[in-house]
Amino acid sequence: MSDLLSVLNPVQRQAVTYNKGPLIILAGAGSGKTRTLTHRVAYLIQEQGVDPWRILAVTFTNKAAGEMKERIQTLLNSSSLPWVSTFHAACVRILRRDIQVLGFSSDFTIYDDQDQERLLRGILKDLNVSDKFIKSRAAGAAIDRAKNQGLWPEDMDGGDIYREQICRIYKKYQQDLKKANALDFGDLILMTVKLFRDYPDIREKYRNRFSHLLVDEFQDTNRVQYELIRLLTPAEPHLCVVGDDDQSIYSWRGAEIGNILRFEHDFPNTRIIRLEQNYRSTKTILEAAGQLVAHNRDRKGKTLWTDNPEGEKITLEVLPDDLEEARFITRHIDRFRGQDRSLKDIAVFYRTNAQSRSFEEALAREKIPYQMIGGIKFFARMEVKDILAYLKVLVNPADSLSAQRIINVPARGIGAVTIEKIKGLSEEAEGFFPACRLALQKGVLKGAAARNVENFVAMMAKFQQSLENLDFPQLTLKIIEKSGYGALLREEKTRESKDRMQNLEEMLRGMEEQQASGNTLSDYLEQVALVADVDSLDQAHERVTLMTLHSAKGLEFPIVFMAGMEEGLFPHTRSKDEGEDFEEERRLCYVGMTRAKEKLYLTRAERRRVYGDFKNNDASRFLAEIPHRFLETAPEFPGRNEEKHNLSAVFNFQPSKAAEERRAEVFSDTVEVIPEASEGPRIGSRVSHPKFGIGIIRRIEGKGENQKVIIQFQSIGMKKLLLKFAGLEPA
């Protein structure tokens, strides 16, 4: 016991040893939250004699769950561990065991955002809902909001035509998911809540199993997650939640700060313990962030303090435009590199993904390696999703969405007319893939169409047989080759096709690692479905990290640059003055500032290019809420008037003529512009490529499957790409 408690401060020790009922640990930024939580688990097992399997600890990211497991294992020096996972992974585990009573089988597929959107596009078409009235992405967002609030279609009010249509779409969406034996992300928790509500015997089974519940990042829970916690908590609760209302920044995905504020009402006799000693940041950074967030009214209140050194002042710099802002940050990163600072110690935060473009270009120009969190996910790349779709159909033949994705990928002469005929039998056959067989049996398909579908069905049958006698990495390799996918990529002999083949090879390497750990194909598909953006963060390599402020929560870096400190950008224009949304924006700023351990930079651009035009921006009001005694301007900035440049002048610094000329040079148009099509890619559009970064479409050639685009990339110059394989996204 002395070993477990000796490394804790007195307040952490109280939080670890308290055992008289519900407990809230209000853990300020950098206050040793994870250490306290893991030591509490170890204390329960080692000193209180609680069996590990009777403890459930949940958090929000795979990264956080993995770190907790490693720390607990080290503390206990044992392989017998409690159940530590994300909310979603815990619910998947429960549903795999008990979902049969809800009419699903245990091999259900988990649909990601792209799968959801594809399914909804088909539903809107089936229901004759115009894309101009409701877009598939908007319908998906509305459904997600309902699920986060614990609402089923029948629970939603109509009220107006739009809401009535959403209810109608939601109902059909759930019906189609059930036919496909599939759940989306929101279903994982909503279905578990339904399971516990409708089947008290199953709920009691888990209540009896878990005598102790621990919930990390409690301020990020939404209504349905909170309900799940209440359903799992017995009458005499051993419930410990850890959170910080000052770091509640996810209301846009359903998180309710009210959960942490009303906890004491729902769980009487709750003890509150505040962790207020910060071990991460300098005094200057911590006090400045504290002064900022103190402007929020709706908070529990805490005063963080630290024994760390005073540290450097926060550098505040105003640049003429967003390109100069990127150059300023890049110059300082290069300076740190010259001082032998590790690049993995440095992070650049921004409010919106669109801001990353200028930083990517500037870093690439100076050959500074970087990683971007929240870009195109590996498992969202077309070639990876295509091969995963083959595997999903083998595991769950009812997964119609995956079956439709692969029936003609690579192209095997099965056209849209044939697919529609097969879809017409999906209801009778209970799925699109079984409908392929039924269409052949009934003679619905003729000639070449029948032969091609028959060959597809026969190929999948062989893969199904191989599933029984091949390890899943070897099966995946067989699919890549026997389906013709690998041959197609090799025949193209383009840079893009080689990159796509390398992605498939990387996927195979990952599969081999999973298999070596004892995981099955179903385990692998489940883990892939639950991967989050921040899980791709790799701090082992020498690279600067670029990420949005939302992605930064839970992380820390010695050196942090926070860019875009401008009204309308941060705080975002969508937040209403002094309302709940605005207070959340301030909390987001607080989160960003408290990620910095040693040095913090705040930058803003006087004007920023938005949709091809310049927009002049005022300084963020958050800058005025940071006392000036904590701020300084950068000691080096070429081209400015040193006499006028001081802390008060940073709010009205004017762009230099040289900056204007450099911007004009970067955006010079060296390619003849041809008339653009009414649909599809457009001349002048800014796009993002998974390998080459940001570029501008300068020319379009051809049509349909053979359409090519010529793009001017800032990193490599002009490049011609085949559009269907380019993997471009708007930037």
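**Entry 1. The chain as a whole**

I began with the contacts in the chain between residues at least 6 apart in sequence, and I noted that 74% of them join residues at least 24 apart. The model I am reading is a predicted one. I then looked up the secondary structure and found 31 helices and 21 strands in the chain. Of the 731 residues in the chain, buried residues make up 54%.

I asked how many of the 10 residues of helix α16 are buried. Eight of them are, so this helix, residues 356-365, is largely enclosed by the rest of the structure. I listed the buried residues as S356, R357, S358, F359, E360, E361, A362 and L363.

Next I looked up what covers them. The cover includes two elements that I recorded with their ranges, α15 (322-338) and β10 (346-350). It also includes the strands β11 (370-372), β12 (544-548), β17 (686-689) and β18 (693-701).

I followed the chain past the helix. K367 lies in the loop between α16 and β11. Its phi is near 55°, a positive value in a residue other than glycine. K367 counts as exposed because its relative accessibility is 69%, and the cut-off for exposed is over 50%.

**Entry 2. Y370 in strand β11**

I turned to Y370, which lies in strand β11.

I then recorded the partners of Y370. Leaving aside neighbours within four places in sequence, Y370 is in contact with E360, L363, R543, V544 and L546. Two of these names, E360 and L363, were already in my list of buried residues of α16. The side chains of Y370 and E360 are joined by a polar contact of 3.0 Å. I also looked up T545, which is 175 residues from Y370 in sequence, yet the two are 5.7 Å apart in space, C-alpha to C-alpha.

*α23 with α25.* Helix α23 (residues 472-482) packs with helix α25 (residues 495-516) at an angle of about 160°, and their axes are 8 Å apart. The two are therefore roughly antiparallel to each other. The crossing of α23 past α25 is right-handed. On the α23 side I recorded F472, P473, T476, L477, I480 and E481 in the contact; on the α25 side, M501, L504, M507, L508, M511, E512, Q514 and Q515. These residues divide into nine nonpolar, three polar and two charged.

*α14 with α28.* The axes of helix α14 (residues 283-293) and helix α28 (residues 580-593) come within 9 Å and cross at roughly 175°. That angle makes α14 roughly antiparallel to α28. Here I285, A288, A289, G290, L292 and V293 of α14 meet R586, R587, C589, Y590 and M593 of α28. I counted the contact as eight nonpolar, one polar and two charged residues.

*α21 with α22.* For helix α21 (residues 432-441) and helix α22 (residues 447-469), the axes come within 10 Å and cross at roughly 130°. That makes α21 oblique to α22. I recorded their crossing as left-handed. F433, C436, R437 and L440 of α21 meet A450, V453, E454, F456, V457 and M460 of α22. The contact holds eight nonpolar, no polar and two charged residues.

**Entry 3. T192 in helix α9**

I looked up T192, which lies in helix α9 (residues 185-198). T192 counts as buried because its relative accessibility is 0%. Which backbone oxygen does the side chain of T192 reach? It reaches that of L188, at 2.6 Å. Not counting residues up to four places away in sequence, T192 touches C91, I94, L95, D187 and L228.

**Entry 4. Backbone details in loops**

I looked up two cis peptide bonds. One joins V409 and P410, with omega about 0°, and P410 is found in the loop between α18 (400-406) and α19 (416-423). Another joins F570 and P571, with omega about 10°; P571 is found in the loop between β13 (557-562) and α28.

Lastly I checked D340, in the loop between α15 and β10. D340 has a positive phi of about 65° although it is not a glycine. At 72% relative accessibility, D340 counts as exposed.

Note on methods. Residues numbered from 1 in each chain as written. Predicted model: local features only at pLDDT ≥ 70, side-chain atom pairs only at ≥ 80, totals over all residues. Heavy atoms only, no water. Buried < 20%, exposed > 50% of the residue type's maximum accessible area, 1.4 Å probe, protein only. Helix = DSSP H or I, 4+ residues; strand = E, 2+ residues; numbered from the N terminus. Contact = heavy atoms within 4.5 Å. Axes fitted to C-alpha atoms, helices over the stretch in contact; angles between N-to-C directions. Parallel < 35°, antiparallel > 145°, perpendicular 65-115°, else oblique. Left-handed = near helix turned anticlockwise from the far one by under 90°. Nonpolar A, V, L, I, M, F, W, Y, C, P; charged D, E, K, R; others polar. Polar contact = N/O pair within 3.5 Å; in protein donor to acceptor, adjacent residues only side chain to side chain.
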